[in-house]
Amino acid sequence: MKVAFYTLGCKVNQYETQAVAELFKKIGFEIVDFESKADVYVINTCTVTNASDRKSRQVIKKARKLSPQSIVVVMGCYPQVYPHEVEKIKDIDIIIGTKDRQKIVDYIKEYLENKKKIVAIDEGYKREAFEELKISEFNERSRAFIKIEEGCEQFCSYCIIPYARGAVRSRSLKSIEEEVIRLVKRGYKEFVITGINISSYGKDLNGNVTLIDVIDRVNKIEGVKRIRLSSLEPVIMNDEFIERLLSFDKLCHHLHLSLQSGSDKILKLMNRHYTTAQYQGIVDRIREEWEDVAFTTDIIVGFPGETEEDFNATLEFVQKIGFSRIHVFRFSPKKGTKAFEMPNHVDNKEKERRSKIMKEVAERLSYQFHSKFVGKTLEVLIERDSDFDGYYEGYSGNYIRTLVRKTHTIIPGEIYKVKIIQAFEQYVKGEIIQ
């Protein structure tokens with residue numbers, strides 16, 4: 001039998017899809033492209049925005065159209081948060097939330113026997129332990145994602161994820177170490193530590209271990225060349241954490257430090273637990289040690305109550321920090337969040353205007369950051385053929401997309417010293433130093 005997958009949303013979803021795919025492979029399923037005809041379609045959904053929900057519904061409909069007799073499985077955040085809405089979609093045969101995904105193969109067998117719709121959603125917020133979904137390979141041949149925790153208890157006023165993922169559950173250090181060792185043996189060089197909120201790692205383990213202990217453990221594993229971190233919360237970055245963070249020789253000089261707004265008023269409305277002054281202090285402290293460090297972040301424009309003054313404060317702050325990359329989002333009111341009920345919503349046209357301005361600033365900052373490295377040498381993990389004819393591409397330790405001309409001596413999956421010769425907004429070009 002053939003199975004096809006479609007993943008929406010974050011890196012955690014990508015990890016979970018890979019783990020579920022391996023469960024199918026173990027019982028003899030052939031994995032095919034989503035556009036192909038398959039016996040089973042698995043759609044791993046996202047519900048961060050209303051657009052995510054809409055996209056999920058479109059993909060569900062497409063799966064049924066591709067193969068009317070197939071089994072369509074929908075799992076993840078969308079059915080977890082809106083189970084009754086998803087149940088009404090007629091094209092679905094099996095519905096799973098964000099728990100018990102390791103039972104997916106059993107649900108397939110049950111459906112084949114009974115031909116009755118299966119709904120397997122635990123609507124409870126508290127959950128006992130981290131759900132082990134182990135992986136042994138990735139579609140990417142050089143970078144592997146390691147999921148270390150599940151859940152979030154931040155309850156930012158704009159975010160539905162705590163309701164989709166539940167309370168924090170941390171993976172054991174032993175399990176994390178075993179997975180990294182397994183993937184090192186398969187040739188992976190770079191490991192991205194990810195989760196729903198990795199800054200909360202260990203919160204459910206009586207404070208005995210924290211994220212810094214995970215990094216420490218992975219840093220000591222032979223064969224690991226690079227460690228990269230997914231999004232960090234500023235609240236975790238106290239003096240002790242930063243001191244230890246700076247000591248790890250394999251840690252990439254790239255930190256995605258969540259900001260969301262450069263206005264202290266808006267940060268408070270968002271239920272973010274830091275100020276712009278605290279954020280600036282973290283950046284300054286790290287730059288004292290890592291001159292080449294790249295800071296990337298997310299910015300939401302048009303949050304309820306955001307005035308022109310607040311928006312300008314954000315524009316000024318992001319330029320002051322000098323981010324290398326900014327993901328810009330227009331505020332999307334999400335039913336079930338506090339922000340949905342807030343007064344003073346910003347007009348859609350105004351949100352679009354602010355988004356355009358912020359993206360232009362982001363592009364300029366990226367170019368400025370890239371330009372600093374022209375004439376310098378960076379270590380680049382070559383990953384794949386580029387969309388640019390005649391080039392390979394990969395990323396430097398400080399997360400600069402780097403293009404190098406193809407030669408027969410370059411092996412994707414290996415790290416090379418590259419002299420940067422030209423900078424652009426989205427990437428740089430370089431020459432490998434032999």
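1. The expected span of a helix is 1.5 Å times one less than its number of residues. In this predicted model, helix α11 covers residues 276-289, and its 14 residues should therefore span 20 Å. The C-alpha atoms at the ends of α11 are 21 Å apart, which agrees with that expectation.

2. The side of α11 that is hidden from solvent can be named residue by residue. Thr-276, Tyr-279, Gln-280, Ile-282, Val-283 and Ile-286 are the buried residues of this helix. They lie on the same side of α11, because the arc they cover around the axis is only 155°. An α-helix has 3.6 residues a turn, so residues three or four places apart point the same way. On the face of α11 turned away from the buried side are the exposed residues Ala-277, Glu-288 and Glu-289.

3. Aromatic pairs deserve a separate remark: the whole structure contains 15 of them. Tyr-6 and Phe-34 form an edge-to-face pair, because their ring centres are 5.1 Å apart and their planes stand at 70°. Tyr-6 belongs to strand β1 (residues 2-7), whereas Phe-34 is in the loop between β2 (30-32) and β3 (40-45), so that the pair links distant parts of the chain, 28 residues apart. Tyr-6 counts as partly exposed, at 23% relative accessibility, while Phe-34 is buried, with a relative accessible area of 5%.

4. A further aromatic pair, Phe-388 with Tyr-427, is tilted, with 4.9 Å from centre to centre and 55° between the planes. Phe-388 is in the loop between β14 (377-385) and β15 (391-396), and Tyr-427 is in the loop between β17 (415-423) and β18 (428-432); the pair therefore ties together parts that are 39 residues apart in sequence. Phe-388 is partly exposed at 29% relative accessibility, and Tyr-427 is buried at 12%.

5. Two lysines are placed over aromatic rings. The charged end of Lys-376 sits over the ring of Phe-373, at 5.9 Å from its centre. Likewise, the charged end of Lys-406 sits over the ring of Tyr-392, at 5.3 Å from its centre.

6. Cys-152 is buried at 11% relative accessible area, and Cys-252 is buried at 4%. The search of the whole structure finds zero disulfides.

7. The last point concerns Glu-16, a residue of helix α1 (residues 11-26). Glu-16 counts as buried, at 1% relative accessibility. Leaving aside neighbours within four places in sequence, Glu-16 is in contact with Asn-44, Arg-101, Leu-133, Lys-147, Glu-150 and Arg-165. The C-alpha atoms of Glu-16 and Gly-76 are separated by 9.3 Å, although these residues are 60 residues apart along the chain.

Terms used:
Residues are numbered from 1 along each chain as its sequence is written. This is a predicted model: local features need pLDDT of at least 70, side-chain atom pairs count only at pLDDT 80 or more; totals for chains, interfaces and linings use all residues. Side-chain values use heavy atoms; hydrogens and water are left out. Helices (H or I, at least four residues) and strands (E, at least two) are DSSP runs, numbered from the N terminus. Buried means under 20% relative accessible area, exposed over 50%, partly exposed in between (1.4 Å probe, protein chains only). The arc is that of the directions from the helix axis to the C-beta atoms. A disulfide is a pair of cysteine sulfur atoms within 2.5 Å. Rings of Phe, Tyr and Trp (its six-membered ring) pair if their centres lie within 6.5 Å; planes under 30 degrees apart count as stacked, over 60 as edge-to-face and the rest as tilted. A charge sits over a ring if NZ of Lys or CZ of Arg is within 6 Å of the ring centre and within 35 degrees of the ring normal. Contact means heavy atoms within 4.5 Å.
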